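Subject: Structure for you to look at

Hello,

Here is the structure I said I would pass on. Please open it first, then read the notes below.

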Amino acid sequence: MSKGAQGRYHRQELLPDVGVEGQRRLGASHALILGCGALGCGVADQLTRAGVGRITLIDRDVVELTNLQRQVLFDEQDVAEGLPKAEAARRRLNEINAQVRVSAHVADFDASNAERLCGFTTDAGPDVLLDGTDNFAARLLLNDLAIKHAVPYLYAGVVGCRGMQMTVFPGGRPCLRCLVERPPAPGTLPTCDTAGVLGAVVAIVAGVQAAEALKLLLGREDLASRSLLEFDIWRNQRRRIEMSSAGDGCACCGRRQFDYLDGRLGETSARLCGRDAVQLAGMGAEGPVDLEALAARLRPHGEATVNRFLLRATLSCEAGDDGGEVGLTVFRDGRTIVRGTTRTERARSLCAKYLGG
Ligand SMILES: [Zn+2]
C-alpha cells in the first residue's frame, strides 16, 4: 500500500469514538462467540470486519440447508460438505479478514469444558462473551462465567419476528440469573425450529449486540446500553425496560454461587440408552412439562401423541446422521430420550431446537 493510502479500517477510524488508537485497541482484543447460528454468524461477521484481533467460536452443530435463510456466513457448499458450523464460519471469516485470528471449537459446551474452551484457563481469556445460543442452560452457564471472571456478557435472543438484547456488566446488576432463575421447562417457549424466525430480525439484534461489544472493547462502558431492549419488527413495537439494580437475593451475582458452572444445575447428564438413542436427564428446569402444549407445537413438524406419562413424537428433520427422522420421548419431569442418534451432542442440539429451555 502506498504511503497515505487509506487502510482497511479508514471509515471506522473516522468515527470520533474509534480513531487510530481505538482501532489499535480493537486489534488487541478478544471476543468469544458461543453458538454459530443466526446471531453468532451475524455478530462474528461484524466483529471480524471491524478488526477485533481475536475471535473464538464454539458450536456443536453441522450446517444444514434450512440455516441458509438467516445464517449469513454459510453457503450451499458448506451444506454439501456437511461442515461443522464453527469450522465453516472460521473459514469464511478468514476470507473476509485474514488479520483476525479466529479459533473454532466444534464442541458441546457444558460445565466440564466451559472455562477451557473460552480460554479462561490461559492468560488470553476473552474480553467479552457474546450469546449466539438457543437455550437457557447455555446462557446461564455463560452468565456464571461472566460474573466469576468479571467479563461482560451480551445476552441476545431471537424467535419469530421478535428480538431481545441485554448486557450483563461485571460487578453490575442485574445478571441474567436475576431475571431467569432456572431454564424454562422444555417445550414452554417457542424456538426458531418450531415457531420460525425472520432473517431481518436477526440482522437487527446481531447489529445491536456487535455495537454494544465494540463500545465495551473500546473502553466506553459509559456509552453502553443499560436496559433490556425488546422489539417486534413485524408489529413495529419496541420497548426499553430499565433494569433495577436488584440482585441481593441472586445466587450468582449476589452470593457468587456458580451453580451452572459447578454442574449443580443445567445440562447435567446425557447417556447412551439402547442401541440408537440418547437419554437427557431433566435439565434443572422449573415445573413439570405441559405435554399437550408441547405436542401442539411439534405437530407441524411430524407426529406427536401424548398419554398420561409421556409424549412421543416422530419429526422429519433434515438428512444427516438421523436419516431424515428423529424420535423424541419426553416425560413430565423433563427427561427426554432422543431416538435415531448415538451422539450426545446431537441429542442435546435436537432438544434445544425442538424443546428449547
Ligand atoms: Zn444476578
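How many nonpolar, polar and charged residues does the lining of the largest pocket have, by class? The lining has 18 nonpolar, 15 polar and 14 charged residues. In this count Ala, Val, Leu, Ile, Met, Phe, Trp, Tyr, Cys and Pro are nonpolar, Asp, Glu, Lys and Arg are charged, and the others, Gly among them, are polar.

Before the rest, some notes on the source. This is a predicted model, in which local features need pLDDT of at least 70 and side-chain atom pairs count only at pLDDT 80 or more, while totals for chains, interfaces and linings use all residues. Residues are numbered from 1 along each chain as its sequence is written, and side-chain values use heavy atoms, with hydrogens and water left out.

The domains

The domain assignment, which is automatic or from a database, gives domain 1 (10-242) and domain 2 (270-355). Their C-alpha centres lie 27 Å apart. In contact (heavy atoms within 4.5 Å) are 21 residues of domain 1 and 22 residues of domain 2.

The largest pocket

A pocket here is an open set of points on a 1 Å grid over the protein atoms alone, where a 1.4 Å probe fits, with protein on both sides within 12 Å along at least five of seven lines; lining residues have an atom within 4 Å of a point. The largest pocket holds about 930 Å³ of space, a volume being the space filled by probe spheres set on the points, which are joined across faces, edges and corners. Its lining comprises 47 residues, and T133, D134, N135, R139 and V158 lie nearest the centre. Strand 5 gives the most to this lining, with four residues. Helices (H or I, at least four residues) and strands (E, at least two) are DSSP runs, numbered from the N terminus. Because domain 1 and domain 2 both give residues to the lining, the pocket lies between them.

Two buried residues

N97 is in the loop between helix 5 (85-96) and strand 3 (101-106). With a relative accessible area of 0%, N97 is buried (under 20%; exposed is over 50%, partly exposed in between; 1.4 Å probe, protein chains only). The side chains of N97 and R8 are joined by a polar contact of 3.4 Å (a pair of N or O atoms within 3.5 Å; within protein, one must be able to donate a hydrogen and the other to accept it, and residues adjacent in sequence count only if both atoms are side-chain atoms).

L216, in helix 10 (residues 199-217), is also buried, at 14% relative accessibility.

Regards
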